[in-house]
Amino acid sequence: MSPPITPLHASCPRLIAITPPGFLFELAWERQVEEALAAGLPAIMLREHARVSDMLLAMQAERLRRLTRKHGAQLIVNRRLELARQIEADGIHSGVGGPDAETCARLGEGALRGWSAHSPAEAMNAFAAGYDYITLSPIFVSPRKGPALGLGPLRSLTACAPGPVLALGGIDAGRAKDSLDAGAYGVAVIRAVFGQLSPAPAVRLLLGRLAAQGRS
């Protein structure tokens with residue numbers, strides 16, 4: 001059983017859907033986002049590594065920001081601090097080669113600071129550095145993400161982590177339950193939501209898993 005989450009971390013969402021590469025430039029992306037948010041998706045992470053102009057990406061990000069605000073959901077930006085500041089995102093997510101915790105704090109008071117960890121040791125170092133939550137990945141087999149960690153490292157981390165740990169990598173509804181049973185605070189997904197023609201059923205199923213697991 002993972003330690004209780006303090007009020008400092010209370011704003012961390014338990015389900016984050018991460019945008020796949022090029023997602024904001026697909027024809028149906030707004031419909032998919034609207035459907036997912038209407039189904040109760042609490043947070044989206046904008047992660048875009050494609051070589052597009054900052055201006056074009058900012059235009060699409062502003063549209064995404066309007067949708068998340070409409071539905072009262074959080075928007076977290078991966079690594080791009082200036083973009084996060086421009087669209088007044090709710091958080092910034094970093095990792096190796098990305099902005100450090102002190103730099104991420106420039107997003108503003110109350111903004112979430114997350115870190116992508118690939119081992120329990122890296123995760124604990126990230127918490128010590130000042131990040132509010134971490135994603136641990138890949139828990140299960142996921143394309144182009146290397147060998148899966150499995151549930152053992154997740155379980156050992158959540159037993160001592162001082163903040164929220166979200167399982168990432170190959171997560172679907174069934175594996176979400178396994179991850180939560182291993183102590184994860186929540187899950188982060190990509191294909192399980194934005195890889196679906198209709199994301200609403202997947203969102204509802206994942207939220208159902210979270211509700212059934214509960215948290216003291």
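Figure 1. Pro138 sits in the loop that runs between β6 and α6, where helices (H or I, at least four residues) and strands (E, at least two) are DSSP runs, numbered from the N terminus. This is a predicted model, in which local features need pLDDT of at least 70 and side-chain atom pairs count only at pLDDT 80 or more, whereas totals for chains, interfaces and linings use all residues. Residues are numbered from 1 along each chain as its sequence is written, and side-chain values use heavy atoms, with hydrogens and water left out. The peptide bond joining Ser137 and Pro138 is cis, with omega at about -10 degrees. Most residues other than glycine have a negative phi, and most peptide bonds are trans. Pro138 counts as buried because its relative accessibility is 8%; buried means under 20% relative accessible area, exposed means over 50%, and partly exposed lies in between (1.4 Å probe, protein chains only). Not counting residues up to four places away in sequence, Pro138 touches Lys145, Gly146, Pro147, Ala148, Leu149, Gly150, Leu168 and Gly169, a contact being heavy atoms within 4.5 Å. Ile76 is 62 residues from Pro138 along the chain, and the C-alpha atoms of the two are separated by 20 Å.

**Figure 2. The protein chain as a whole.** The protein chain contains nine helices and eight strands, and its C-alpha trace spans about 45 × 40 × 35 Å along its principal axes. Its radius of gyration is 16 Å, which agrees with the value near 17 Å that a compact globule of 216 residues would have; this radius is taken over C-alpha atoms, and the globule rule is 2.2 Å times the number of residues to the power 0.38. Buried residues make up 51% of the 216 residues. Of the contacts with a separation of 6 or more, 60% are between residues 24 or more positions apart. The chain exposes about 9900 Å², with carbon and sulfur atoms supplying 56% of this area, as computed by the Shrake-Rupley method with a 1.4 Å probe.

**Figure 3. The buried side of helix α1.** Helix α1 covers residues 29–38, and its residues Trp29, Gln32, Val33, Ala36 and Leu37 are buried. These residues lie on the same side of α1 because they cover an arc of only 125 degrees around the axis, the arc being that of the directions from the helix axis to the C-beta atoms. An α-helix has 3.6 residues a turn, so residues three or four places apart point the same way. The elements that cover the buried residues of α1 include β2 (43–46), α2 (54–70), α8 (191–194) and α9 (199–213). Glu35 also belongs to helix α1, and, leaving aside its neighbours within four places in sequence, Glu35 is in contact with Ser198, Pro199, Ala200 and Pro201. Just after the helix comes Gly40, which takes a positive phi of about 110 degrees.

**Figure 4. Helix α5, with a buried face and an exposed side.** In helix α5, made up of residues 120–129, the buried residues are Glu122, Ala123, Ala126 and Phe127. Seen down the axis of α5, these buried residues fall within an arc of 140 degrees, so they line one face of the helix. Ala121, Asn125 and Ala128 are exposed on the other side of α5. Among the elements covering the buried residues of α5 are β5 (112–117), β6 (133–136), α6 (151–158) and β7 (165–168). Gly130 follows α5 and has a positive phi, near 115 degrees. Between Ala128 and Glu35, which are 93 residues apart in sequence, the C-alpha to C-alpha distance is 37 Å.

Figure 5. Not counting residues up to four places away in sequence, Gln74 touches Ser11, Pro13, Pro42, Ala43, Ile44, Thr68, Asp90 and Leu112. Arg79 is placed in the loop between β3 and α3 (81–86); its phi is positive, near 70 degrees, in a residue other than glycine, and at 31% relative accessibility Arg79 counts as partly exposed. Glu88, in the loop between α3 and β4 (91–94), is not a glycine and yet has a positive phi of about 55 degrees. Glu88 counts as exposed, at 53% relative accessibility.
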